[in-house]
Amino acid sequence: MRTNVIGTLNLADLCYERNIHCTVYATGCIFVYDEKHPEGSGIGFTEEDTPNFDGSFYSETKGYMEPMLKNYPNTLILRVRMPVSDDLFHRNFVTKIVKYEKVVNIPNSMTILTEMLPLSLAMAKKGLTGVYNFTNPGVISHNQVLDLYKKYIDPTYTYQNFNLEEQAKVIKAPRSNNELDTTKLMRDKPDGIVINDIHTAYELCFQRMKENLTKMGWLPDNMPAEFKRN
């Protein structure tokens, strides 16, 4: 609560008092597929939609915070989802799911950081404020991500699927699954910034990841034990 709500609001308030532009890397994990936004429909949640997911304490606090935060006219709020970097850093979405024995195969909006972080700086320099869904356009499923991991990183990797009911038995809190509409983001983004659709962006990301891990000496056959199946 102190970090997700009070701390974030304090930061925005201090910046507002000093006439400083404030960029907040927030979350899009405040929505879940529903009747108006069915899975696979291509109908994404917009910046004007009210959060409908509070299954975890994290998402619940973020859902409280965003409506208050957007009242600060100096603040840019970027809804990040399942961020992915060009390595296997422990907070990388890919790093997390490759360690699972089973995954749910649900399409989601995601954020490829190599493409999106430069965009956030350009948006701040342009003086943009308000809420933006900050993901690459489109959705990609867990299976599709892991298939790319197998293609570029570990050809021996295997995984299994289970459904949401089975997943609920082994996790502490429900997970957010959704598609975010990126129309506003793509309309307002500064000129000269290239943002690929999520499938193209992921393919390029794994190509860079393979190159980086090779330079680190992890590939082709020296991956840490934590990434290997027993």
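**Close-up views of a predicted model**

**View 1. Lys102 and the residues it touches.** Leaving aside residues up to four places away in sequence, Lys102 touches Gln160, Asn161 and Phe162. The model shown in this and the following views is predicted. Lys102 belongs to strand β3, which covers residues 102-103. The C-alpha atom of Lys102 is separated by 6.0 Å from that of Tyr159, although these two residues are 57 residues apart along the chain. Lys102 counts as partly exposed because its relative accessibility is 40%, a value between the limits of 20% for buried and 50% for exposed.

View 2. Met1, Ile6, Phe57, Tyr64 and Met68 make a nonpolar surface patch of about 510 Å². Helix α2, residues 57-69, gives the most to this patch, with three residues. Ile6, another member of the patch, lies in helix α1. With a relative accessibility of 43%, Ile6 counts as partly exposed.

**View 3. The buried residues of helix α1.** Helix α1 runs over residues 2-17. Which residues of α1 are buried? They are Asn4, Val5, Thr8, Leu9, Ala12 and Cys15. Among the elements that cover these buried residues are β1 (22-27), α2 and β2 (75-80).

Terms used
Residues numbered from 1 in each chain as written. Predicted model: local features only at pLDDT ≥ 70, side-chain atom pairs only at ≥ 80, totals over all residues. Heavy atoms only, no water. Patch = residues over 30% accessible without salt bridge, like charges linked within 9 Å, V, L, I, M, F, W, Y side chains within 5 Å. Areas by Shrake-Rupley, 256 points an atom, 1.4 Å probe, with all protein chains shown as cover. Salt bridge = Lys/Arg side-chain N within 4 Å of Asp/Glu carboxyl O. Helix = DSSP H or I, 4+ residues; strand = E, 2+ residues; numbered from the N terminus. Buried < 20%, exposed > 50% of the residue type's maximum accessible area, 1.4 Å probe, protein only. Contact = heavy atoms within 4.5 Å.
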